2 protein chains.
Amino acid sequence: MPNEAAEALLQLSTTFAVATKLLDSRIGGSHGLSYAEVRLLGALASAPSGKMRPGELALDLGLAASGVTRAVLPLEKRGIVSREPDPRDARAGQVALTGAGKRLVEETALTVDESASALMRRLSVGQIRQLERLLAEIDASPAKSGGSRKLS
Amino acid sequence: MPNEAAEALLQLSTTFAVATKLLDSRIGGSHGLSYAEVRLLGALASAPSGKMRPGELALDLGLAASGVTRAVLPLEKRGIVSREPDPRDARAGQVALTGAGKRLVEETALTVDESASALMRRLSVGQIRQLERLLAEIDASPAKSGGSRKLS
DNA sequence: GACAATTACTTGATCGCTCAAGTATATTGC
DNA sequence: GCAATATACTTGAGCGATCAAGTAATTGTC
């Protein structure tokens with residue numbers, strides 16, 4: 001029979017497809033955001049300084065740098081995030097939540113929490129924590145093409 | 001702090017992004033297939049009759065019907081799968097692995113297993129099994145609560 | 001048996017993301 | 001202190017997926 005890792009990976013793909021479809025429809029319906037956008041805004045909201053550079057966002061979200069550029073554009077047009085030049089490095093930028101963005105994140109958080117809880121309603125809190133922990137272990141693999149590196 | 005389910009979902013998204021990136025680069029490099037294609041071929045290979053209708057594939061893979069149509073096309077051109085009309089229902093088709101397709105699946109399986117194992121090398125077999133089990137629980141949720149219905 | 005409704009799939013338009021290449025700034029070596 | 005190289009991001013082209021609309025065959029109703 002097939003090996004466990006490959007099986008688990010298949011399951012991961014399916015579960016991700018199911019989960020993002022649910023989240024997209026719920027959040028999209030309520031607040032006009034995709035789950036990918038919610039993740040981006042959430043990363044900003046949880047940054048200590050409230051700002052992040054595109055490159056940091058890319059690492060955090062598992063996106064290519066160009067993906068961040070393109071994801072930020074419509075959010076900026078809608079006044080949800082703003083861009084400022086980085087004073088220490090003129091190549092880089094800084095992306096920050098605007099006031100409206102902060103409000104939107106707070107509003108959205110409730111929907112996200114409810115939807116995520118609904119998705120995982122068959123799991124106990126302990127199981128959810130363990131799931132997160134196991135996934136994080138996979139993530140931590142700096143295997144060739146996909147790993148996470150630090151920038152400073 | 002945010003609720004556990006939402007946190008776990010974030011982790012799920014990141015891990016999925018990392019994992020498919022690795023798999024795509026490994027399998028693509030060795031056999032010229034994407035991981036999405038491997039999943040499709042795997043579904044066919046594990047079908048008892050060896051054939052599946054596009055609609056079944058869509059359900060199985062968490063894809064839209066049109067996605068299956070478009071995924072099958074290049075595989076057909078390369079002679080990896082074939083399409084036949086369904087004798088019982090002329091609207092439907094049947095997608096089957098060709099001989100070359102079967103060979104390709106077998107070859108690829110090894111690379112997939114190796115890559116998946118590499119990704120999860122920090123986890124024990126027991127942990128991998130548990131991960132799969134936890135993910136499957138989420139999947140089994142046809143969650144529907146709280147009110148954002150779609151209007152169309 | 002004919003007409004409407006449903007089902008199975010395909011096609012058109014579009015979106016989000018990727019890689020490759022380009023631009024601008026920083027850093028390093030001599 | 002100036003060229004060579006590296007870094008941070010943006011732009012262009014393409015791919016894979018989606019939804020909406022279209023086509024063709026089946027089923028259901030009278």
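Analyst: Here we go through some labels one by one, starting with how the model is written down.

Analyst: This is a predicted model: local features need pLDDT of at least 70, side-chain atom pairs count only at pLDDT 80 or more, and totals for chains, interfaces and linings use all residues. Residues are numbered from 1 along each chain as its sequence is written, while chains are lettered from A and ligands numbered from 1 in the order in which they are written.

User: What makes residues 4-31 of chain A helix α1, and how many residues does the helix have?

Analyst: A helix is a DSSP run of H or I with at least four residues, a strand is a run of E with at least two, and both are numbered from the N terminus. Helix α1 of chain A has 28 residues, so it passes the cut-off. From first C-alpha to last, α1(A) reaches 39 Å, close to the 40 Å expected at 1.5 Å a residue. That expected span is 1.5 Å times one less than the number of residues.

User: Why do β1 and β2 of chain A stand at the edges?

Analyst: The three strands form an open sheet in the order β1-β3-β2 (chain A). Each of β1 and β2 has a single partner strand, so one side of each is left without a neighbour in the sheet. In chain B, three strands also give an open antiparallel sheet in the order β1-β3-β2, and its edge strands are β1 (51-52) and β2 (81-86). Two bridges join β1(B) to β3(B), with B:Met52 and B:Val95 as bridge partners.

User: At what angle do helix α2 and helix α5 of chain A cross?

Analyst: Axes are lines fitted to C-alpha atoms, for helices over the stretch in contact, and angles run from 0 to 180 degrees between N-to-C directions. For α2 (residues 35-46) and α5 (residues 99-119) of chain A, the axes come within 10 Å and cross at roughly 115°. Residues are in contact if their C-beta atoms, placed from the backbone, lie within 7 Å. Those in this contact include A:Leu41 of α2(A) and A:Val105 of α5(A). They divide into five nonpolar, three polar and no charged. Here Ala, Val, Leu, Ile, Met, Phe, Trp, Tyr, Cys and Pro count as nonpolar, Asp, Glu, Lys and Arg as charged, and the others, Gly among them, as polar. Helix α2(A) also lies across β1, β2 and β3 of chain A, at about 100° to β3(A).

User: How many residues does each chain bring to the contact?

Analyst: Chain B brings 52 residues and chain A brings 52 residues. On the chain B side, the largest share is the 19 residues from α1(B). By class, that side has 27 nonpolar, 13 polar and 12 charged residues.

User: Which residues are the closest to DNA strand C?

Analyst: A residue is near a strand if its C-beta atom, placed from the backbone, lies within 6 Å of it. For DNA strand C, 19 residues surround it, with A:Gly67, B:Gly55, B:Ser66, B:Thr69 and B:Ala92 the closest. α4(A) gives the most to that surface, four residues. For DNA strand D there are 22 residues, and A:Gly55 and B:Gly67 are among those that come nearest. α4(B) gives the most there, with four residues. The surface near DNA strand D has nine nonpolar, eight polar and five charged residues.

Methods: Contact = placed C-beta atoms within 7 Å. Pairing = 2+ DSSP bridges.
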